[in-house]
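Welcome, and please load the model in your viewer.

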Amino acid sequence: MAEMVKVAVDAMGGDNAPLEIVKGAVEAINEDKRVKVFLVGQEPVIKEELKKYTYDVSQLEIVHAEEVIETGEPPVMAIRRKKNSSIVKAMYMVKEGTCDAFVSAGSTGAVLVGGQVIVGRIKGVDRPPLAPVIPTLEGVSLLLDCGANVDAKPVQLVQFAKMGSIYMENVIGIPNPRVGLVNIGVEEEKGNALTKETYQLLKACDDINFIGNVEARDIPYGLADVLVCEAFAGNIVLKMYEGVSGAMMKKIKAGMMSTLRSKIGALLIKPALKKTLKGFSTDEYGGAPLLGLNGLVVKTHGSSKAIEVRHSILQCIAFKEQNINEKIREQMILDEERKKESENGI
């Protein structure tokens, strides 16, 4: 029997903790026997929530952590001062090898800082990007960066493209994924200094499938599998994506309930519509991995419900089984060798 994938889950993080976090963790272990969850947080509170559920006790463990890092706290200070917080304690479990991955709906800043300071970066990775999977008409795309590096450099965006390609090919199963640079036009000369220089660097890469610039309006149509940008643009794209999706769903529901005829029609199309809308919901794809660390760190929305927590935990299985970190490490070593050869004129 294969070794279980061990996931530390921040039971105290997020708007709906611990109720939805614990529920999502139980749903995950009940769905897949390959995962073991360590719920990190205030033990009495977690135990009380677990009384509601039936689950295999060999797949779940509680790790007590008295403190909680709140969303509004300065991340660096919180990580340093709250050593007994659920985020810090869980991060050390990944660093020390007790767990393979960490999932949190808590403070984004604390998760990003803790990931780099505690878990640490893979040698050669300059800036780990936050990389959510977003639904498209063609399936899904990976958007990176969406929150970790608002002032990235061109060479860092190239690393994002390579790490994103590794993730999409091995975790999502898309061979030779198409890489697109998020820009204000498709022409090569379009954009600011960052995108123009990045375009030329990506164009020169022979180990990724770069297809050129991608405009924001083309993202939902699945024009590219890997979408590369710095976090300022990426976060705007992601939030707009989520907002339009939510607004459209409300409009559709309101329209279907507006008249007697529409209500009758709604009953007829409800099964097909529900299936279609489900495929375009970001909740179905789990959280955003912070790529390029020595262990897997996954950040879910602060408002995450059990469904997103469950998917975030289960996505850790493929990440571990496909040796994503090792593949990224190999890519960084290869890039360093190429750099030295270039410098030596070989």
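This short tour of a predicted model goes through a helix, a helix pair and a serine.

**Stop one: helix 1.** Select residues 19-31, the 13 residues of helix 1. From first C-alpha to last, the helix reaches 18 Å, close to the 18 Å expected at 1.5 Å a residue. Now show the side chains of Glu20, Ile21, Val22, Gly24, Ala25, Val26, Ala28 and Ile29, which are buried. What do these buried residues pack against? Colour strand 1 (5-10), strand 2 (35-41) and strand 3 (60-64), then helix 2 (43-50) and helix 10 (306-321): these are their partners.

**Stop two: helices 4 and 5.** Next, select residues 86-95 for helix 4 and residues 108-119 for helix 5. Their axes lie 10 Å apart, and the two helices pack at an angle of about 35°, in a right-handed crossing.

**Stop three: Ser107.** Finally, pick Ser107, in the loop between strand 4 (101-104) and helix 5. Is this serine buried or exposed? Its relative accessible area is 4%, under the 20% cut-off, so Ser107 is buried. Draw a distance from its side chain to the backbone nitrogen of Ala110: a polar side-chain atom of Ser107 lies 3.1 Å from that nitrogen. Beyond its neighbours within four places in sequence, Ser107 is in contact with Ile69, Glu70, Thr71, Ile87 and Lys299.

Technical notes: Residues numbered from 1 in each chain as written. Predicted model: local features only at pLDDT ≥ 70, side-chain atom pairs only at ≥ 80, totals over all residues. Heavy atoms only, no water. Helix = DSSP H or I, 4+ residues; strand = E, 2+ residues; numbered from the N terminus. Expected span 1.5 Å × (residues − 1). Buried < 20%, exposed > 50% of the residue type's maximum accessible area, 1.4 Å probe, protein only. Contact = heavy atoms within 4.5 Å. Axes fitted to C-alpha atoms, helices over the stretch in contact; angles between N-to-C directions. Left-handed = near helix turned anticlockwise from the far one by under 90°. Polar contact = N/O pair within 3.5 Å; in protein donor to acceptor, adjacent residues only side chain to side chain.
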